[in-house]
Amino acid sequence: MTSRGSVPHNVQIRIVTDGACRGNPGPGGWAALIVRSGNAEEIGGHVAHTTNNRMELMAAVEGLRRVPPNAQVQISTDSTYLIDGATQWLHAWKRRKWLTLDEQPVQHQDLWQELEQLAGRRVQWNHVRGHTGDPENERVNALAQAFADNRSAPFGTKRPAGILPDGQPRYLSLVAGRLMRHTTWEECKVRVHGVSATKYKKCSSYAEELTTIQGWGLSAADLEALGNNI
């Protein structure tokens, strides 16, 4: 595993992860957004009794399980526990035979061992501050919270190939229940100007688009139906 830093030029896959727990310990959920080859996939799950830290670990492990073992990966997370454990503490724990400095068993040893095996030396760790408006972080947070509550959540959502790449601005508009995507504000403004009960939003990634339309009461299927309609 490599330490935190900027995105290497050879990164093939990005995984954005988060975990949540009610009560800590209590019911928990984990979620990951996997971005590769112009597609984005969302995964997640519910655990009846767990901790927040275990869910953070589970999200990273499950994300890595779903990508090729030789692919270079960047994992983005708001969990300093996960990053510090992966980049600093893990080697010391192994030297002490999985004991902490005060000679207590390391918590979640099973997941730490699996994470090390899956990550090898191919992972670039990236820390993002939680709840600061980062659309991908907000998205996986919302999914993890939903799974923690054992609520229905979009599962296995894939971004259609061929739409605008992440980082390129686009605008969504909802008029009379019909969703459209526009490449410029002028095009969007023509559609919504002077029309009552409309919704519109500038987005910069598929994940942000998905979060936006779900806030409007639509689903991933509505966004996928747009396809290349840009």
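Trainee: How are helix 2 and helix 3 oriented to each other, roughly parallel or roughly perpendicular?

Mentor: In this predicted model, helix 2 (residues 80-95) and helix 3 (residues 109-119) pack at an angle of about 95°. Angles of 65 to 115 degrees count as roughly perpendicular, so these two helices are roughly perpendicular to each other.

Trainee: And how far apart are their axes?

Mentor: The axes of helix 2 and helix 3 are 11 Å apart.

Trainee: Which residues make the contact?

Mentor: From helix 2, you have Tyr 81, Leu 82, Gly 85, Ala 86, Leu 90, Trp 93 and Lys 94. Helix 3 brings Trp 112, Leu 115 and Glu 116. Sorted by class, that contact has 7 nonpolar, 1 polar and 2 charged residues.

Trainee: Switching to the sheet, what's the strand order?

Mentor: It's an open sheet of 3 strands in the order 7-6-8, with antiparallel pairing. Strand 7 (178-182) and strand 8 (199-203) are the edge strands, each pairing on one side only. From one strand to the next, the twist averages 15°.

Trainee: How many bridges join strand 6 to strand 7?

Mentor: There are 5 bridges between strand 6 (residues 170-175) and strand 7, and the two run antiparallel. If you want a spot to look at, Tyr 171 stands opposite His 182 in strand 7.

Trainee: Which helices pack on that sheet?

Mentor: Helix 5 (residues 185-192) does, touching strand 6, strand 7 and strand 8. The direction of helix 5 makes about 10° with that of strand 6. Helix 6 (residues 206-215) also packs there and touches strand 6, strand 7 and strand 8.

Trainee: What angle does helix 6 make with strand 8?

Mentor: About 160° between their directions.

Definitions and conventions. Residues numbered from 1 in each chain as written. Predicted model: local features only at pLDDT ≥ 70, side-chain atom pairs only at ≥ 80, totals over all residues. Heavy atoms only, no water. Axes fitted to C-alpha atoms, helices over the stretch in contact; angles between N-to-C directions. Helix = DSSP H or I, 4+ residues; strand = E, 2+ residues; numbered from the N terminus. Parallel < 35°, antiparallel > 145°, perpendicular 65-115°, else oblique. Contact = heavy atoms within 4.5 Å. Nonpolar A, V, L, I, M, F, W, Y, C, P; charged D, E, K, R; others polar. Pairing = 2+ DSSP bridges.
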